[in-house]
Amino acid sequence: MSIFGELWQFMRARKKYWLLPIVMMMALFGGLIVLTQGTAVAPFIYTVF
């Protein structure tokens with residue numbers, strides 16, 4: 001959990017709040033891939049990018 005705290009402190013200190021949605025979406029996609037073992041979700045993620 002310290003990595004998230006450090007990331008938040010970095011964003012607050014440098015006023016890079018625009019990074020928050022990017023980090024959240026990456027975490028969401030990463031969790032989705034881990035939970036579904038990546039095979040069923042892969043075609044949907046490829047269409048997003």
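Trainee: What should I know before reading any numbers?
Mentor: This is a predicted model, in which local features need pLDDT of at least 70, side-chain atom pairs count only at pLDDT 80 or more, and totals for chains, interfaces and linings use all residues. Residues are numbered from 1 along each chain as its sequence is written, and side-chain values use heavy atoms, with hydrogens and water left out.

Trainee: How many helices and strands are there?
Mentor: The protein chain has three helices and zero strands. Helices (H or I, at least four residues) and strands (E, at least two) are DSSP runs, numbered from the N terminus.

Trainee: And the confidence, what is the mean pLDDT?
Mentor: The mean for the protein chain is 81, and 84% of its residues reach 70 or more. pLDDT is the predictor's confidence in each residue, from 0 to 100.

Trainee: OK, H1 then. What span does H1 reach?
Mentor: H1 covers residues 2–14, and its 13 residues reach 18 Å from first C-alpha to last, close to the 18 Å expected. The expected span is 1.5 Å times one less than the number of residues.

Trainee: How does H2 do on that count?
Mentor: H2 (residues 19–36) has 18 residues that should span 26 Å, and its end C-alpha atoms are 26 Å apart, which agrees.

Trainee: Back to H1. How many of its residues are buried?
Mentor: One of the 13, so H1 lies largely in the open. Buried means under 20% relative accessible area, exposed over 50%, and partly exposed in between (1.4 Å probe, protein chains only). Across the 49 residues of the protein chain, 12% count as buried.

Trainee: What sits between H1 and H2?
Mentor: Lys 15 is in that loop. Lys 15 has a positive phi of about 55 degrees although it is not a glycine. Most residues other than glycine have a negative phi. Lys 15 is also exposed, at 61% relative accessible area.

Trainee: What follows H2?
Mentor: Gln 37, with a positive phi near 60 degrees.

Trainee: Different topic: how many aromatic pairs does the structure hold?
Mentor: One. The rings of Trp 8 and Tyr 17 have centres 6.2 Å apart and planes at 50 degrees, so the pair is tilted. Rings of Phe, Tyr and Trp (its six-membered ring) pair if their centres lie within 6.5 Å; planes under 30 degrees apart count as stacked, over 60 as edge-to-face and the rest as tilted.
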